[in-house]
Amino acid sequence: MKVVLDFETASFCDLKLCGADRYAQDPNTEVLSLVYHVNNTYNLWSPATAATDDLLRRLAADPSVKFVSHASFEQAVWRWIMVPVFGFAPIPIKRWVDTQASCALHALPLDLDHALSVLGLPVVKDLDGRKVTLDLSKINKKTGMLPAKTPEIMEKVYDYNRIDVVGTVHLHDALGELPDGERTVWEIDQAINQRGIKIDLPFVRAAKRLVNEGSMPLVQEFREITGLNPTQGAKFLQWLGDKGVELPNLKKETVAAILGEDDEDQSEDGSAGGLGELDNLPGEVRRALDIRALVGSSSLKKLDRMEHCVGFDGRARGLLQYHAAATGRWAGRILQPQNFPQGSDVEGGGVEEKISAVLAGDRAAILSTFTRNKRPCDPLELVVASLRHALLAGGGFTFVAGDYAGIEARIVLALAGQHDKTELMAKGLSPYCDVAGLIYGRPIDKYKDPVEYKIGKNTFLGCGFQMGWQTYQKRYCPNESDEFAKAGIDAYRKAFAPLVPRLWKGLEDAALEACHNPGKVFGSHGIRYKIKTIADKPFMVCRLLDEKDIYYFDPRPCLKRMPWSTPEKEDIRPAWKYRTKKKGAWVWVDAYGGILTENVVQALARQLLCRAMERLEAAGWPIVLTVHDEIMCEVPDNGEYTEGRLKEIMCAPVEWAEQIKVPINVETWQSTRYKK
DNA sequence: CGGCAATGCGCC
DNA sequence: AAACGGCGCATTGCCG
């Protein structure tokens, strides 16, 4: 038996800022109503009717009854309110079903309304009910009080509540539950999200003090120079123009090039390539650009999020979103633990030295102890560089983590059947020098030829997915000639891995055939494509080597003008496109060999990671974070959980990967704080 | 005031 | 022969 349910709640706690767990833990949060659907009937539960409701109590206590909801908000409210406050039986992860996870698996929008609308299911808009419900969390500005919960108002809340349950029932009927394999992954995902991760609040507060002290005078100075806030990008660009400094944008590389700071790293973006360093850059312009670079780091906002989202036990929960990318990768939520600045550019001390310096808060000491790009390190830069260390193992515990080295570049070679190269790597030899040697026509040594070595590394890591020479040039060698860039691409495609372009072509042709022949399967390199109808909608389904599927919504044949096509020499070919969500928007994307290969390889890398996560959890290694090719566990600091053991578990054989001979290598670290 | 697009920045 | 992949969050600025 299944119960489909949805809560309406009210609270001064900001759900968006804090996440569902912290929100539900907040003593101010109250349940307004719960609508639950069981045996084709919609039932209402509210704190007012709690005493008379035996049905819900029995359902919760019955281990054979499953609870279905959209996302994990209902789980959080159940765990932190329904159980402790109203005495309901706890409902373990095993008994929850998440309709949002099914949306995610099918590459559909994650929010209920959008998912329903994309699937052509009825969406009821109850703007009035929504407003009335939201208003119950806000002080009315006129009366200075919370609105009264009159019977009329509560009727509107109940109606609004019911609408979402109807939607969830529809969605569940349309998409069904996760297949077994993904169900296992989702349960681990839920365990990770409920475990949470400890945040070092004293460090966060010390860091915020440094940021406030440091940025206030800088913002003030910026205002005096420009009359603007450092965050007003467009207006600042205009101001720069008035000062005779015309910039195409305010990207990091562009600004670095102008300031003459690009000698360290090769500029990734050629947008400022032609501008060069301005020798006569006015002092105030230089100062304004410097200030903006210092205070503009949006990463510092993570400090606020950390403070907000920690629960009363000091742990932040709900930081990962299951299967947020179509390829199955997780995405980060709330404080976004997957994009902490690396911080490796700040030198002068290790993790503990950086932490101590921030805690001490001595600006002068920081400036004299640490450096960044060989200049004194501003306290703000030190905070940015040490942000990730705010994730701390609990007392008596430590983090042990591992990541799969260059896993995507390795999988693409293995899948293409380029076994001469995978065997090389299996022996532990680095392919970067090989690639560089092919480009430069002479042996390249990692230490004697650092520039050449880096080109080799970039070529090896970057060229597996049909990158063109223009992009290659812009990204890796903006100061080299077109011929050099073309030669780099050629070295990879013709000399280093000639089987890889065949993989692109194979997948492209198979998918195109499948698009023109709905219901029939076409494959290449063990990857199979087929148009399938799910919830009455067409999907292109790409089946991987281990039977995991990638979904492409609403595939349609089309004619595609190739990027190199010109009016004189038109090149238009049959292709296909699909709909996906990009940065929140719902857009059409053209499928081509490179993109399909990228998707398949990224998805396979994720599968490898998932199997390792399952083995780790089964062996008693609690996972607290995953970052695409990296797994971090929080384990007792008793010497039983070693890096070597973690590596063994992560490297354990997986059938499909063994068959195509993916050379696997795992790099590990151990620390009480999150680091590289 | 909330929604949305554009821009920018961080990661793998 | 040939193609820039996957994310989330913060801010500004515009619109209704």
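Helices here are DSSP runs of at least four residues, numbered from the N terminus. With that in hand, welcome to a quick tour of a predicted model. Helix α9 is followed by Gly227, a residue with a positive phi near 75°. The largest nonpolar core holds 198 residues.

**Domains 1 and 2**

- Contact between the two involves 16 residues of domain 1 and 14 residues of domain 2.
- Together, domain 1 and domain 2 bury about 1,200 Å² between them, and 60% of that area is on carbon and sulfur atoms.
- On the domain 1 side, Leu17, Arg22 and Gln25 lose the most area to domain 2, together making up 38% of what that side buries.

**Nonpolar cores**

- Within the largest nonpolar core of 198 residues, the members that touch the most others are Phe67, Trp78, Tyr472, Tyr529 and Trp576.
- The top contributor to this core is helix α24 (residues 593–618), which gives 13 residues.
- Setting aside residues up to four places away in sequence, Phe67 touches Val3, Leu5, Leu56, Leu59, Ala60, Trp78, Ile91, Arg95, Trp96 and Val97.
- Another core of 7 residues lies apart from the largest one, and its members include Leu136, Met154, Val157 and Tyr158.

**Helix α9**

- Helix α9 covers residues 201–226; at 1.5 Å a residue its 26 residues should span 38 Å, and the end C-alpha atoms are 36 Å apart, which agrees.
- There is a bend of about 30° in α9 at Ser215, with a proline, Pro217, following within four residues.

**Helix α12**

- The 13 residues of helix α12 (residues 283–295) should span 18 Å at 1.5 Å a residue, and the distance of 18 Å between its end C-alpha atoms agrees.
- Val285, Ala288, Leu289, Ile291, Leu294 and Val295 are the buried residues of α12.
- An α-helix has 3.6 residues a turn, so residues three or four places apart point the same way.
- The buried residues of α12 pack against α9, α10 (233–242), α11 (252–259) and α16 (379–386).

**Helix α23**

- Helix α23 (residues 499–516) has 18 residues and reaches 26 Å from first C-alpha to last, close to the 26 Å expected at 1.5 Å a residue.
- Its buried residues are Val500, Leu503, Trp504, Gly506, Leu507, Ala510, Ala511, Leu512, Ala514 and Cys515.

**Loop residues with positive phi**

- Asn40 sits in the loop between β2 (30–38) and β3, and its phi is near 65°, a positive value in a residue other than glycine.
- Asn40 is exposed, because its relative accessible area of 70% is over the 50% cut-off.
- Ala71 is in the loop between β4 (66–69) and α3 (73–82), and although Ala71 is not a glycine, its phi is positive at about 70°.
- Ala71 is buried, because its relative accessible area of 18% is under the 20% cut-off.

**Other residues to look up**

- Ser46 lies in the loop between β3 (41–45) and α2 (55–61).
- With a relative accessible area of 2%, Ser46 is buried.
- Ser46 touches Leu32, Ser33 and Tyr158, leaving out residues up to four places away in sequence; Tyr158 is also a member of the core of 7 residues.
- Asp111 is in the loop between α4 (99–105) and α5 (112–118), and its relative accessibility of 35% makes it partly exposed.
- Asp111 and Thr99 are 12 residues apart in sequence, and their C-alpha atoms are 10.0 Å apart in space.
- Arg410 is part of helix α17 (residues 407–416) and counts as buried at 13% relative accessibility.
- Arg410 and Leu171 are 239 residues apart along the chain, with 38 Å between their C-alpha atoms.

Note on methods:
Residues numbered from 1 in each chain as written. Chains lettered and ligands numbered in written order. Predicted model: local features only at pLDDT ≥ 70, side-chain atom pairs only at ≥ 80, totals over all residues. Heavy atoms only, no water. Core = buried A, V, L, I, M, F, W, Y, C linked by side-chain atoms within 4.5 Å. Buried < 20%, exposed > 50% of the residue type's maximum accessible area, 1.4 Å probe, protein only. Helix = DSSP H or I, 4+ residues; strand = E, 2+ residues; numbered from the N terminus. Contact = heavy atoms within 4.5 Å. Expected span 1.5 Å × (residues − 1). Bend = angle between axes of the 7 residues up to and from the residue. Buried area = accessible area lost by both parts, 1.4 Å probe.
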